[in-house]
Amino acid sequence: KNISLGLAEEPPSILWGLDPLFSAFVRLYVRDILQMAESTQVPGIYFYNLHPVYKVDVLGTVVYKRERDDFFCYGVDDGTAVINCLCWKSDELKTEDPPGMERSTLADSSRGAPGGFNLLKELKELRRTQQEHHRLEIGELVRVRGKVKTSRHQREITASIYYKVNDPVMSEQISWMMELPQLYREFYDKRLQLEPDAVGYRHANINSLHRAKNMIKDFLEKKSVSRFRPHDVQDVLLPLISAQPHSPSAGPSAGPSAGQQLRQLLKEALQVLQDDGFVYRRVKSQDEVFLVTTRDKDLLMAVQDVIREDSKREKYAEKGCHVLHILSAVRQRFSLNVSRAALELVLSSLECSSDIISPSDQHYIAV
Amino acid sequence: MLPSAAVFRFPWELTSGGVQDGQSVRTFGRLVDYQPEESMATLSSQHASKEHRVVVHTMFVEPFNPILGAQYIVLGETENSEGVGVTVRARVLNCVDGVNIALLQKAIEEQRNFFREREHKKADAAQSVDAT
C-alpha cells in the first residue's frame, strides 16, 4: 500500500531542489525516518510528507553498540524508535599511537613555546577529547547527522558527523523535545506550495500560450498571410484546447467552456505576437484586423520613405536616422499603433533586402 | 538486533498499571533506596500530592555509583513481579541530578500532544479520502 502511495504522490525530481528541506539535515523523529517512503525515481532519497529528504539529524541514547576496525555501529533511541547509525572512525581513533610527525613537532614546540605551551601535550589532549566524543558507551547521548540509507531492508544513518553530547541535567534533550514539534508544525508537516502556484499551473499555461503563439505564427507564415481577423486563425488553436487537461481547481460547473477557453487563449496569443511586433493593427477599431508586420507593404514603404527623406537632411546625413526618430515619424505619418518591436522587425527586413543600411548601432540610412 | 524504543512514561503511569508487561520505557525519579545484594533500586517521584515508587532491577547496569536523593533516568523493560508491582529492568540508568523535572514533564507532554494531533489529522485525512 505504501509503495503505490509513494509512486502516485512522489513529486518530480526536477522540483526537489526547490524544497529547502532537501538541502538540510532534517531533524526527524527516528520513527519517521524508519517509515519514510524511498523514492522510486532516485534510491537514497526519501519522502517525509512529500518533502524530499536524504540527510537527517538525530539526538538519542545509545542503546546498542558494535565496534569494528573501521567503524562503530550505534543503535540510537530517541524515544520514538531505534535506528542504526554507521559511524566511521577517524584515523586518530584507529591508531592509538601518535604518528611519527609528533617527534618533530615536539622538538619545535619545546624550542619556541614560551609560557609552558606544549604543542604535543595539546595535541594529545585534543586527540583524547576527540576519542572521548566518538567512542560512546550504552546509555550515553549521541548526536548524529548523516545520510539515510537502506541496506538489506534495514534503514540506517551513515554519519557524516557524530559526537557524544554531555547532557548532565538533560537540558539538551529537553530543548530537543520541545523544538521538534515546532519544526514539524512549521515546516515538515506543511506541504511545499510549489506545484499549483509556481510551477505546475503557470508552467502549463505558459507552455500552452507559447505553443499557441508558435502555431499562429507558423500558420501565418505557411499561408503567406498578410492580414487577418482573429476568427480566421481561431481554429488553428483547436488542438491545444482539446488536448489541455482540465485543471483540478476549476470544477465542471465553474470552469469556462471550451469556446471561451479558445477565445481567451487566442486573445493572449495575439497579444504576445503584438508585443513581439510580429503582428500589429494599423487602426484600432471594432473590426479587429491584424497585419503581419513584415508583409505589410504599406508599412515597409512608409518606413523606407521616412528614412530616405530624412537621411537627406544634414542632421542625419552622416550618422543616419536613429530608430526612435524613425518610430516617431512613422507614428506621425503612418499609424500611431506601430510599436518599436514592429518597427525593428521592419528595419531588419529592409536591411536584409539592402533597401537600407545601418552605419551605426540603431541608426539607419537609405541606400 | 536492536532493542525496541524506550518511550517516555511518567512514573505514575507505571504504578497505575497502565503499561503492559515487557514494554520498553524510560522514566525518572529520585533514588531513595538501593539494595546492591538484590540489585534493586527504588525511584520515587511526586505527582498530584502522592508519592509514586518505581522499583528498578539494576543487574545490567552494575556497577554504578548510587547517589541517594539524586534524580535518575532509567531506560528498560517493564516486568510485573509478584508482590513488588511494576518493576523496570534497567538497560540504562543515568544520574541527571539537577534536571528541571517540571520542564521535562512539559517536554514529554508536548511530544505526546504533537503525536496525538498528527494521528488525528491522519485519521481526518483518511476519512475525507474515504468520503470522496
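The structure described here is a predicted model, and the salt bridge belongs to a set of three that the rule finds across the interface of chain B and chain A. Polar contacts between chain B and chain A amount to seven residue pairs, with both residues of each pair at pLDDT 80 or more.

The side of chain B that touches chain A draws two or more residues from each of several elements of chain B, namely strand 1 (7–8), strand 5 (71–81), strand 6 (85–95) and helix 2 (101–131). Of the elements of chain B, helix 2 gives the largest share of this side, with eleven residues. When the residues on the side of chain B that touches chain A are sorted by class, 19 are nonpolar, five are polar and seven are charged.

The extent of the contact can be described in residues and in area. Chain A contributes 30 residues to the contact, and chain B contributes 31 residues. The size of an interface is often given as the accessible area lost when the parts come together. For chain B and chain A, about 2,500 Å² is buried between the two, and 63% of this area lies on carbon and sulfur atoms. On the side of chain B, L2(B), Q111(B) and F114(B) together supply 24% of the area that chain B buries against chain A, which is more than any other three residues supply.

P63(B) is found in the loop between strand 4 (50–57) and strand 5 of chain B.

In chain A, two residues other than glycine have a positive phi, H153(A) at about 65° and M170(A) near 65°. H153(A) lies in the loop that runs between strand 7 (141–151) and strand 8 (154–165) of chain A. The relative accessible area of H153(A) is 84%, and this residue is therefore classed as exposed, a term that applies over 50%. M170(A) is placed in the loop between strand 8 and helix 6 (171–188) of chain A. M170(A) has a relative accessibility of 1% and therefore counts as buried, a term that applies under 20%. Thus H153(A) is exposed, whereas M170(A) is buried.

Technical notes
Residues are numbered from 1 along each chain as its sequence is written. Chains are lettered from A and ligands numbered from 1 in the order in which they are written. This is a predicted model: local features need pLDDT of at least 70, side-chain atom pairs count only at pLDDT 80 or more; totals for chains, interfaces and linings use all residues. Side-chain values use heavy atoms; hydrogens and water are left out. Contact means heavy atoms within 4.5 Å. Buried area is the accessible area (1.4 Å probe) that two parts lose on being put together, summed over both. A salt bridge is a side-chain nitrogen of Lys or Arg within 4 Å of a carboxyl oxygen of Asp or Glu. A polar contact is a pair of N or O atoms within 3.5 Å; within protein, one must be able to donate a hydrogen and the other to accept it, and residues adjacent in sequence count only if both atoms are side-chain atoms. Helices (H or I, at least four residues) and strands (E, at least two) are DSSP runs, numbered from the N terminus. Ala, Val, Leu, Ile, Met, Phe, Trp, Tyr, Cys and Pro count as nonpolar, Asp, Glu, Lys and Arg as charged, and the others, Gly among them, as polar. Buried means under 20% relative accessible area, exposed over 50%, partly exposed in between (1.4 Å probe, protein chains only).
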